[in-house]
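Let's take a friendly walk through this structure together. Have the sequence and the 3D view open, and follow along from one element to the next.

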Amino acid sequence: MSPSTPSTPGIGTALAALHEPFVPADQHTFVSDLTVGELVLLEEIGFRPVDIVSGAGSASWNPQFTTAGTEGTMWGRAIAAAIDNARSGILEELRTRHADGVVAMRLELERERANLLTCTMLGTAVHGTGRRPDAAHPFATTLSARDFHLLVRAGYHPVGIAIGVSVVGFAARSASQSLGLARDNVELTDQTTALYSSREKAMEMMEREAAELHADGVVEVQLQERPVNSLLTHAVEFVAVGTAVCRGSEGHKDLAPEFQLTLDDPPGVTFSDR
Amino acid sequence: MVGQTPDATGTGPATAGPGDLVFHPDTRQRSTWTSDLSVAEAAAVRRVGLVPAGFVMGTAVMQLAAAGGQLYGQWGGMMGGSLGRGNGYSESYPCAHTYGYSTGVGLGGAASEHYGFSVEDSVLAASLTDGYRLAIERLHDEATQLGAHGVVGVDLFFENLVGSQGTATFFARGTAVTHPATAPLPSPFMTNASGQHFERLIALGYVPTGLAVGVGAVYVQPNCQARGDFTVGGAIRQIPAAITVARSRARSSLAAMAHRSGEGVVHTDWTDRKVNRYGESWDQLAIALGTAVRRYSTEAEPLTPRPVLPLRP
């Protein structure tokens, strides 16, 4: 271990410490992908990094399965399974490390081909100093270190990632319909409806997941919608991923932000280019 | 002024360094210091009490020996066992349509396209780690020659700059800094954190010790399902398993390297990369580059940030 003598922080003491050789003991070496600024934000609210944790999941589906007006359950389920497998993978890694949760996580949805999706999660597992009594259920969150810091200071804590996925097919137009409609200004109600209903179903699923986590709400929801229009496939895909949060026993704490008025001009006022 | 020449620190110009083989660090007389710090970074370094000593660099051009692991793996995987090098990860993924491999060869031969395997490519991981290590060592040598106490803002990366396909040029570049009032360290510290992050790190009670590198690589020959064959949809195991193994190797070698010099790693720059190989196969790479840190003080002042809301649109 490094010298345990307490000393005031400063470059002099820091360099003095480096003059003494480091003797590797059986200390736990923490690993984190946090920037120093993020590390400061976490330590300030009583969280220490433990390790980098990751989860990954992939799934494929049959894009022809969707028929007009019906939800492509296989397709939607495949996407949900990929995200869910990544989530359970990262939660499992958190449990084996006895960590409270993962923060500053990057979540990537990579579409490798038309019908293959890989979801990966990677972030820093943290251990709180007596903040969360519920250590058996570690949390995952899509929040950045900054947002996590703000959330905790405001009296909330994340309880998990809530996802909502839905795929809705719509009827293909025949060639004559397409040609006929080309001269008119009309709404394509089938497609508008499909978009609405996929949104509804995805949000329903997300709410259901959040309710299972006994959350008060969901924040930082990222939405991805994608129309899939090809010869054989007409569908709308809707994917929503967010963080379910709970209010602590002490309720909401006002952060009382200080309003700031910067004295520089807004861009484009002083100089036309910037 | 503040420029530090090697003589000013009392070490004198080194006559023989660890990199004595070919690469003599830049030993010309310096009349001023150079740096790749931004103005704000330079100001942060000054606030801490350090002064720039000079821009330092380490580089190495490497031939990446990737093919070895793949070829061994290819046959090892087919046999269902590992002929592997060492005892790395290897796993076979039979056809999801349950076509037998031997049947496939006899009747139509379709099954070979359906069969997949993943095998750890420790040869590729080792050559990437070596490239980074050489670049870092040479950077360290230059900083030592300058009598510096450390290097901040190290940029660590590789690219195909020189040489043919299969080669990679590794770079480590940063600014050497000195503390005028302190005797030179036995070994200068190095960090990939910027000047401002370095300032925060010192304020938090941590001091950087050196750079830590972790690389993991898994060669993936996808089976029918991992290739996206939609007749066998559903959850796929091969792709996430390869990602997980590559990441876990990178993480454990990062931690092992840091364990020798500090209590943890911060500022890890994490990259997942898929490098296409022959046919539909690829190398799943995970590269982690961070800074090993030591806690030198437990009496850091709280840095509790004040929430502000700018009123500018």
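Chain B holds an open sheet of four strands, in the order β1-β5-β4-β6, with mixed pairing. Helices (H or I, at least four residues) and strands (E, at least two) are DSSP runs, numbered from the N terminus, and two strands pair if DSSP finds at least two bridges between them. β1 (51-63) and β6 (189-190) of chain B are the edge strands, each with a single partner, so one side of each has no neighbour in the sheet. β4 (residues 150-159) of chain B runs parallel to β6(B), and two bridges join the pair. In one of these, B:V151 is partnered with B:M190.

The model is predicted: local features need pLDDT of at least 70 and side-chain atom pairs pLDDT 80 or more, while totals for chains, interfaces and linings use all residues. Residues are numbered from 1 along each chain as its sequence is written, and chains are lettered from A and ligands numbered from 1 in the order in which they are written.

Now turn to where the chains meet. Their contact (C-beta atoms, placed from the backbone, within 7 Å) takes 64 residues from chain B and 61 residues from chain A. Which helix gives the most to chain B's side? That is α7(B), with ten residues. Other contributors of at least two residues include β7 (206-221) and β10 (282-295) of chain B.

Strand pairing also crosses between the chains: β1 (residues 30-31) of chain A and β9(B) are parallel partners over two bridges. Here A:V31 stands opposite B:V265.

Key:
Two residues are in contact if their C-beta atoms, placed from the backbone, lie within 7 Å.
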